[in-house]
Amino acid sequence: MTPETIAAEVLRLLEASADADYYGEPVSQLAHALQAAQSARDASADDELILAALLHDIGHNIDDPRAIRHGDVGVINHDDLGSLWLAERGFSSRLRMLVRGHVDAKRYLVATNANYAKRLSPASTETLIHQGGPMSIEEATAFGEAAELKDCLRLRSWDEQAKEPGRLVTPLEAYRAMIVTHLTDTARPVQQG
Ligand code: FE
């Protein structure tokens, strides 16, 4: 697989998700991904974080025997599975950590912020049950010390905003070159000295 063929595969999967509901939310899965990435762009996030926002739910879109599906909430392990799938294609460890963390960020916020749970959409509240519910104090303490905590929580807030029917976004095609550059840079050996 070259960076170009991987980018083509990712775009194809996201494109196909234009017909898929985003589990009880009023937008398609493609619109959800593009809106999350748009919020990252609007916040002047770096490209790795923008791509993590675009790809945070890719675990819902891949056809993988490791997927654990649950009725109308999709792939329950989409965070871990997405991260694994991206690892197999050479995406960076920071990007994968952000993708993997978007569900744990919800479990963290529910555990640490009393008002947060009230703001979750009905669908998101429903999936929380399947995702392990709020973190324990020990889990939340460990997660709160994660290196990428701040960006993880930013991604989580963009994820939650990305449910707005008709919002104008940068087209999917704009991310092809960004993915190719990301994969090329990630594969390059770290320069010493
Ligand atoms: Fe999402």
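Author: Asp-185 is partly exposed, with a relative accessible area of 41%; partly exposed lies between buried, under 20%, and exposed, over 50%, using a 1.4 Å probe and protein chains only. Its salt-bridge partner is Arg-188, with 3.3 Å between the closest N and O atoms. A salt bridge here means a side-chain nitrogen of Lys or Arg within 4 Å of a carboxyl oxygen of Asp or Glu. Arg-188 is partly exposed too, at 47%. Elsewhere, salt bridges that share partners join Asp-46, Glu-48, Arg-94, Glu-148, Asp-151 and Arg-154 into one network.

A word on the source: this is a predicted model, in which local features need pLDDT of at least 70 and side-chain atom pairs count only at pLDDT 80 or more, while totals for chains, interfaces and linings use all residues. Residues are numbered from 1 along each chain as its sequence is written, and side-chain values use heavy atoms, leaving out hydrogens and water.

Now look at Arg-89 and Glu-88, which form a salt bridge with their closest N and O atoms 3.8 Å apart. Arg-89 counts as buried at 15% relative accessibility, whereas Glu-88 is partly exposed at 42%.

Next, find Arg-167 and Asp-42, whose side chains meet in a salt bridge (3.8 Å, N to O). This pair links distant parts of the chain, 125 residues apart: Arg-167 sits in the loop between α9 (149-161) and α10 (174-187), and Asp-42 in helix α2 (residues 29-42). Helices are DSSP runs of H or I with at least four residues, numbered from the N terminus. Asp-42 counts as exposed, at 54% relative accessibility. Altogether, the count comes to 17 salt bridges.

Definitions and conventions
Helix = DSSP H or I, 4+ residues; strand = E, 2+ residues; numbered from the N terminus.
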